[in-house]
2 protein chains.
Amino acid sequence: MRLDVWFSPLGLTPGEVQGRTVLVIDILRAGTAMCAALHNGARAVLPVASTEEALRLAQTLGTADVLLAGERNCLRIDGFALGNSPLEMTPEIVRNKNIIMTTTNGTPALIATQGAQAVYPAVAANLTRAGRRAAEVWERDHDLLILCAGRENRFSLDDAYCAGRLAVEALGGHKRRKGLNDAALASLDLVRRYGTRFERPLRFSSGGQRLESLGFGADIEESSRVDAYPALLTYHERRVIASPVTP
Amino acid sequence: MRLDVWFSPLGLTPGEVQGRTVLVIDILRAGTAMCAALHNGARAVLPVASTEEALRLAQTLGTADVLLAGERNCLRIDGFALGNSPLEMTPEIVRNKNIIMTTTNGTPALIATQGAQAVYPAVAANLTRAGRRAAEVWERDHDLLILCAGRENRFSLDDAYCAGRLAVEALGGHKRRKGLNDAALASLDLVRRYGTRFERPLRFSSGGQRLESLGFGADIEESSRVDAYPALLTYHERRVIASPVTP
């Protein structure tokens with residue numbers, strides 16, 4: 001039984017994913033925006049790879065209950081209703097909507113999980129819910145893969161720290177080493193280093209610095225809030241939805 | 001002025017490397033074996049990508065002063081004189097030899113640096129020398145790239161920790177954050193976590209575990225020895241040589 005962390009989807013093969021339970025992390029900001037949207041009543045988030053695909057899908061679905069969301073270089077895509085900020089996903093705006101979303105890092109990471117047994121987008125905003133599901137999988141002796149979206153296919157500190165936090169939840173602590181790959185060990189080391197507050201690694205990360213410089217500092221704060229939008233998200237048949245809560 | 005760490009060569013583009021000074025790390029074991037060989041009097045190490053290329057090059061060079069070295073799955077390649085262990089590189093065996101070497105991770109990392117201004121293989125065995133050179137480059141306001149060979153193009157804890165140690169040498173400490181990419185920050189975090197002894201991260205790493213299971217535990221100990229083979233190595237025109245020491 002293994003827990004592997006990947007710091008980006010680059011090099012991930014279908015064989016690595018096949019039949020496994022995968023947690024996908026893009027904390028700044030796509031994953032957090034999805035949590036906010038679905039917690040606030042959106043029906044589904046539909047991640048797509050490109051602006052063109054988003055427009056095509058919107059045309060297919062009809063526009064009444066559809067919103068387009070997404071960013072390039074952290075900025076809202078021209079002509080889209082929404083960017084990528086969790087703060088935009090208010091109940092008034094998203095309730096009962098299908099949100100078609102395309103982002104630089106989060107979307108490709110979700111698409112890379114094709115063939116997985118189950119896929120759960122996970123961030124600080126739904127940490128306990130996603131972590132509990134990971135722990136259940138681990139306790140049933142099943143393999144886990146925690147996939148960081150990273151930044152442009154590279155290591156990002158924000159996602160890597162979040163991977164460590166989820167690993168702690170899954171393992172019930174951070175002392176275990178057996179069955180963990182090197183990236184999982186390092187992500188646990190980041191938790192030891194930064195403790196329980198998300199904000200510091202998020203602010204230190206290059207993604208966080210970039211957001212700050214663009215005036216999105218409030219998004220970092222929002223994305224750091226543990227269990228701010230406590231929904232268990234699942235990605236299945238190209239849609240992210242909030243699972244009904246089982247007591 | 002930037003210091004970037006890459007946890008594997010995967011995704012590294014010629015643009016990232018162009019004109020920069022690059023330190024290349026493969027501590028378990030190719031980089032350490034190169035240090036040992038060159039410190040012990042080998043003329044040069046010639047890294048090549050494949051067994052076939054190694055045999056072809058040996059034929060071109062003639063066999064008198066040539067040795068073949070390398071591994072696949074950590075084991076000596078059939079018909080090669082040497083594997084990949086620093087302990088094999090004794091003065092008796094390597095003096096005045098050209099060593100043609102092909103390994104799973106270290107060789108591709110060196111080849112990925114094409115176009116760099118200067119390339120220095122760096123490990124614990126030559127930490128101070130390589131670190132001093134990195135510090136000189138940094139002090140002249142030039143960019144640095146520390147490239148981990150990793151393990152099969154993935155993050156490896158042993159190389160990542162070593163990257164952190166070299167970053168500390170280059171920066172003269174581990175407090176700086178400006179100009180560092182996220183991987184550089186995380187590698188410094190690993191130094192905070194593991195302190196100054198190389199042996200623990202090397203033994204915890206999956207590469208280390210694999211070596212241990214094959215009976216190469218002594219190689220881990222050898223590769224952990226700081227400044228065991230204090231040569232400044234340079235890689236240029238497809239050869240690794242020891243630089244003459246400048247006082």
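Predicted model: local features only at pLDDT ≥ 70, side-chain atom pairs only at ≥ 80, totals over all residues.
A residue is called buried when its relative accessible area is under 20%, and exposed when that area is over 50%.

**First stop: helix α3 of chain B.** Select residues 51–61 of chain B, which form helix α3, and then highlight the buried residues T51(B), A54(B) and A58(B). When the view is turned to look down the axis of α3(B), these buried residues lie within an arc of 55 degrees and therefore line one face of the helix. An α-helix has 3.6 residues a turn, so residues three or four places apart point the same way. Next, select β4 (66–72) and β6 (98–102) of chain B, against which the buried residues of α3(B) pack. On the face turned away from the buried side, the exposed residues E52(B), R56(B), Q59(B) and T60(B) can be found. Just after the helix, select G62(B), which has a positive phi of about 80 degrees.

**Second stop: helices α7 and α8 of chain A.** Two packed helices are described by the angle between their axes and the distance between the axes. For α7(A) and α8(A), the angle is about 95 degrees and the axes are 7 Å apart. The two helices are therefore roughly perpendicular to each other. To display the contact, select residues including L157(A), Y161(A) and V168(A) of α7(A), together with L188(A), V191(A) and Y194(A) of α8(A). The residues of this contact comprise 11 nonpolar, two polar and one charged.

**Last stop: G172 of chain A.** Select G172(A), located in the loop between α7 (157–171) and α8 (182–194). Is G172(A) buried or exposed? G172(A) is exposed, because its relative accessible area is 72%.

Methods: Residues numbered from 1 in each chain as written. Chains lettered and ligands numbered in written order. Heavy atoms only, no water. Helix = DSSP H or I, 4+ residues; strand = E, 2+ residues; numbered from the N terminus. Buried < 20%, exposed > 50% of the residue type's maximum accessible area, 1.4 Å probe, protein only. Arc of directions from axis to C-beta. Contact = heavy atoms within 4.5 Å. Axes fitted to C-alpha atoms, helices over the stretch in contact; angles between N-to-C directions. Parallel < 35°, antiparallel > 145°, perpendicular 65-115°, else oblique. Nonpolar A, V, L, I, M, F, W, Y, C, P; charged D, E, K, R; others polar.
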